[in-house]
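Hi everyone, thanks for coming. Let me put the structure up on the screen, and then I'll walk you through it.

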Amino acid sequence: MAPLLIRERWVRELTGISLSDSELTFSRGRLRFRNRGELLFTHDGLSGPCAIDLAGDLAETCVRNEGETELIFRPDAAKDASAWRSVIDGWRVKEGRRQLRTVLGWTFPRALADAFCLLADCGDEKLCELPSAVRDRLASVLGGVSLTAYGSGPIERAMAMKGGIRLKEIDPATLESRLVHGLYFAGEIMDLTGPCGGYNIQWALSSGRLAGSSAAG
Ligand SMILES: Cc1cc2nc3c(=O)[nH]c(=O)nc-3n(C[C@H](O)[C@H](O)[C@H](O)COP(=O)(O)OP(=O)(O)OC[C@H]3O[C@@H](n4cnc5c(N)ncnc54)[C@H](O)[C@@H]3O)c2cc1C
């Protein structure tokens with residue numbers, strides 16, 4: 001589970017910006033992963049629980065070997081394109097004489113607001129002058145913009161990883177190896193991870209205690 005490497009340059013130019021409740025979705029056929037939470041822009045992609053959990057989900061599947069993977073990034077997990085269209089229409093009524101870019105900058109960090117304007121090919125217009133088609137275009141970008149992930153890593157920046165000891169080779173009551181008597185396992189050496197949010201450290205502590213007390217007899 002490591003940060004996602006993202007191809008789009010505009011993402012990598014936003015290093016240091018964070019969002020508190022974003023959403024990343026991967027979907028292909030019946031396979032669908034959706035993660036929501038804090039997201040951090042880095043010099044080579046996206047980090048934070050939302051991205052790292054998705055990287056973990058993708059690593060569970062054959063998707064990791066496919067090179068490039070399309071993701072949908074929604075900066076505010078709670079709003080799809082139609083919700084954004086209502087928000088923009090509301091701004092138009094209340095803040096019609098202001099520039100779109102200025103008002104969008106009240107909602108997102110300024111550099112991110114500028115990036116969204118660039119993607120929707122708008123920004124300098126006064127809100128009252130914004131044609132319906134442009135409002136639709138911006139709402140569509142804010143409701144979910146396509147990104148290209150080309151992997152995750154590097155391993156030095158991984159938050160958690162699965163080890164090589166298969167769970168079926170371990171007695172869950174004692175964490176003793178079923179293959180080698182007297183050998184006990186704890187933490188990441190086992191083929192198991194949880195999402196960000198304390199599950200991995202909890203697993204390390206709990207499994208360490210169980211393995212230790214089992215070994216002590
Ligand atoms: C930056 C970061 C942030 C994280 N944040 C969270 C979080 O917020 N919540 C959460 O739940 N999890 C978090 N994790 C994950 C969590 O810390 C790990 O899942 C957990 O520490 C794994 O514990 P472990 O004992 O299995 O392995 P480790 O903590 O890696 O311990 C392994 C130990 O073995 C030692 N070692 C390695 N090789 C040898 C050797 N040959 N001889 C002797 N000693 C050796 C290492 O030096 C190390 O001290 C985070 C991880 C990172 C890197």
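Before we start, one term: when I say polar contact, I mean a pair of N or O atoms within 3.5 Å. And please keep in mind that this is a predicted model.

With that cut-off in hand, let's go to the ligand. A backbone N or O atom of Asn200 sits 3.1 Å from one of the ligand's oxygen atoms, so this pair counts as a polar contact. Glu188 does it through its side chain, where an N or O atom is 2.7 Å from an oxygen of the ligand. On its own the ligand has 1000 Å² of accessible area, and the protein covers 32% of that.

Who else is around? The residues surrounding the ligand include Ala158, Met159, Gly187, Gly198, Tyr199 and Ala204. Sorted by class, this shell has 5 nonpolar, 3 polar and 1 charged residues.

Now let's zoom out. The protein splits into domain 1, covering 4-77 + 145-157, domain 2 at 84-143, and domain 3 at 167-216. The centres of domain 2 and domain 3 are 51 Å apart, taken over C-alpha atoms. In secondary structure, you'll find 7 helices and 8 strands.

What about the overall dimensions? The C-alpha trace spans about 75 × 30 × 30 Å along its principal axes. The radius of gyration is 22 Å, whereas a compact globule of 217 residues would be near 17 Å. Finally, 42% of the 217 residues are buried.

Notes
Residues are numbered from 1 along each chain as its sequence is written. This is a predicted model: local features need pLDDT of at least 70, side-chain atom pairs count only at pLDDT 80 or more; totals for chains, interfaces and linings use all residues. Side-chain values use heavy atoms; hydrogens and water are left out. Domain bounds come from an automatic or database domain assignment. A residue is near a molecule or strand if one of its heavy atoms lies within 4 Å of it. A polar contact is a pair of N or O atoms within 3.5 Å; within protein, one must be able to donate a hydrogen and the other to accept it, and residues adjacent in sequence count only if both atoms are side-chain atoms. Accessible areas come from the Shrake-Rupley method with a 1.4 Å probe; for residues, only the protein chains shown count as cover. Ala, Val, Leu, Ile, Met, Phe, Trp, Tyr, Cys and Pro count as nonpolar, Asp, Glu, Lys and Arg as charged, and the others, Gly among them, as polar. Helices (H or I, at least four residues) and strands (E, at least two) are DSSP runs, numbered from the N terminus. The radius of gyration is taken over C-alpha atoms; the globule rule is 2.2 Å times the number of residues to the power 0.38. Buried means under 20% relative accessible area, exposed over 50%, partly exposed in between (1.4 Å probe, protein chains only).
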